[in-house]
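This report describes a single protein model through its packing, its strands and its ring contacts. The sequence and structure are shown first.

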Amino acid sequence: MADGTVTDRHLILAGCGHAHLDLLAALCRGIPAGWRVTLVTPQPAFHYSGMLPSIIARHEPPAAADVLVARIAAAAGMSVALARVTALDASARRLTLDDGRTLSFDLLSLDVGSVAAGLDLPGARAHAFAVRPFATALALVARLDARAAEVGPGGAVPVVVVGGGAGGVEVAFAIRARLAASGCLPDVTIIESSCDDGLPLAGFAPAQRRGAARALALRGIAVVAARVTAAAADHVSVTPAGGAGDRVLPSQATAWVTGAAPHPWLAASGLACDDRGFPLAAPTLALDDVAMIFGGGDTVTLRDAPRTAKAGVYAVRMAPVLAANVLAAMTGTALRRVYAPQQDFLALLSTSDGRALLNWRGRALESRWAQQLKSWIDERYLARYRALPATAGR
């Protein structure tokens with residue numbers, strides 16, 4: 001306006017993972033007066049990680065995991081920048097993008113995810129396939145198919161999965177299923193440094209870990225307690241637990257399903273971070289004292305619950321809290337919602353052959369109906385956001 005009155009404040013949604021979907025839905029219902037909104041995302045679609053095993057196993061096409069967030073945001077009147085954040089200056093309220101642009105903001109919400117930990121090991125970036133971001137997971141699928149075509153029916157394809165958590169276990173099952181469907185002989189090994197007892201799923205209840213170990217063994221998937229030291233095009237070097245001498249394991253496609261590491265630029269942003277470089281989030285999910293920068297999902301560490309795993313099951317529960325408090329900041333009202341991580345949750349791990357492992361309150365079972373339940377939950381979750389913005393006014 002001619003008199004200099006500020007009527008156009010700027011909210012930036014940086015990234016669009018699980019924790020931002022409820023905020024996107026809320027903004028589809030209406031952007032508060034006096035605000036404009038920009039979604040910054042490196043890809044036009046949100047890729048639902050829960051569907052990745054089905055895609056690897058060839059049960060679903062890659063598009064089955066997608067919510068077209070860029071198109072939804074544009075249809076709701078938001079600007080969209082298809083770019084990756086490379087720097088944040090919290091005090092200046094400015095983002096730098098990989099296309100050279102800088103964007104100033106009055107309010108920022110971060111859901112940029114994380115990167116795979118351990119990729120600085122020799123050969124890992126060149127020869128391993130991280131399952132985040134989604135594009136490298138699809139590159140893993142292409143590598144598996146190429147190796148299967150080379151060896152032909154009945155040929156063995158050795159594969160190493162680095163990481164024995166829930167994600168690594170599901171990916172191992174899915175890789176086995178894909179190779180078997182190609183007529184090959186899958187030779188899948190999980191490497192996990194924190195399973196000295198030979199059981200995967202560190203942090204789960206003992207019955208759940210034993211159940212997963214049985215399911216893996218029945219399908220010929222080995223679990224090795226070792227630390228990866230290097231990766232190459234056709235093998236992985238490891239040091240077994242106890243330091244019993246280095247080993248070389250053949251691997252024609254190494255899947256990197258390790259824990260989360262922060263984007264390097266976050267530690268230089270001016271935000272308070274933990275010792276790894278993840279910004280610290282208050283229970284309101286605010287990242288600064290003036291509540292003009294928020295964050296959720298595996299982008300952040302919870303200040304009051306720093307041991308909370310960086311997993312989608314927590315990000316989904318953060319989403320409504322993040323949405324409510326960002327909207328409150330936009331309208332100048334108090335931040336009333338707080339997030340406390342759930343103490344227990346239903347875990348469903350697909351074995352990629354029509355069954356799933358169900359883990360709930362220390363109990364474990366494997367069944368076909370558990371897979372049906374997982375499919376129903378996944379489809380319902382995706383349908384809720386795929387309907388945006390058409391249902392926003394209903």
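The text below covers the nonpolar cores, the sheet and strand pairs, the aromatic contacts and a few local sites.

The model is predicted; local features need pLDDT of at least 70 and side-chain atom pairs pLDDT 80 or more, while totals for chains, interfaces and linings use all residues. Residues are numbered from 1 along each chain as its sequence is written, and side-chain values use heavy atoms, without hydrogens and water.

**Cores**

A nonpolar core is a set of buried Ala, Val, Leu, Ile, Met, Phe, Trp, Tyr and Cys residues joined through side-chain atoms within 4.5 Å. Buried stands for under 20% relative accessible area, exposed for over 50% and partly exposed for values in between, with a 1.4 Å probe and protein chains only. The largest core has 103 residues, and the members that touch the most others are Leu11, Leu107, Leu108, Leu110 and Ile175. Helix α9 (residues 312–331) is the main contributor to this core, giving nine residues. Apart from it lies another core of 15 residues, including Leu119, Ala124, Val160 and Trp256. With contact defined as heavy atoms within 4.5 Å, and residues up to four places away in sequence not counted, Ile175 touches Ile56, Leu140, Leu144, Val159, Val161, Val188 and Ala255.

**Strands**

Helices (H or I, at least four residues) and strands (E, at least two) are DSSP runs numbered from the N terminus; two strands pair if DSSP finds at least two bridges between them. Five strands form an open sheet with parallel pairing, in the order β5-β2-β1-β9-β20. The edges are β5 (79–82) and β20 (293–295); each has a single partner strand, so one side of each lacks a neighbour in the sheet.

| Strands | Direction | Bridges | Partners |
|---|---|---|---|
| β1 (residues 9–14) and β9 (residues 107–110) | parallel | four | Leu13 and Ser109 |

**Aromatic contacts**

Rings of Phe, Tyr and Trp (its six-membered ring) pair if their centres lie within 6.5 Å; planes under 30 degrees apart count as stacked, over 60 as edge-to-face and the rest as tilted. By this rule there are three aromatic pairs. Tyr314 and Phe345 are edge-to-face, because their ring centres are 5.6 Å apart and their planes stand at 80°. Tyr314 belongs to helix α9 and Phe345 to the loop between α9 and β22 (347–350), so the pair ties together parts 31 residues apart in sequence. Tyr314 is buried at 11% relative accessible area, whereas Phe345 is partly exposed at 24%. Ring pairs also link Tyr48, Tyr381 and Tyr385 into a cluster.

A charge sits over a ring if NZ of Lys or CZ of Arg is within 6 Å of the ring centre and within 35 degrees of the ring normal. The charged end of Lys310 sits over the ring of Phe278, 4.2 Å from its centre.

**Local sites**

In helix α1 (residues 21–29), eight of the nine residues are buried, among them Asp22 and Cys28. Gly30 follows α1 and has a positive phi near 155°.

Pro279 lies in the loop between α8 (264–267) and β19 (280–281) and counts as buried, at 0% relative accessibility. Leaving aside neighbours within four places in sequence, Pro279 is in contact with Leu266, Leu271, Ala272, Cys273, Leu287, Thr299, Val300 and Thr301. The C-alpha atoms of Pro279 and Asp111 are 11 Å apart, with 168 residues separating the two along the chain.
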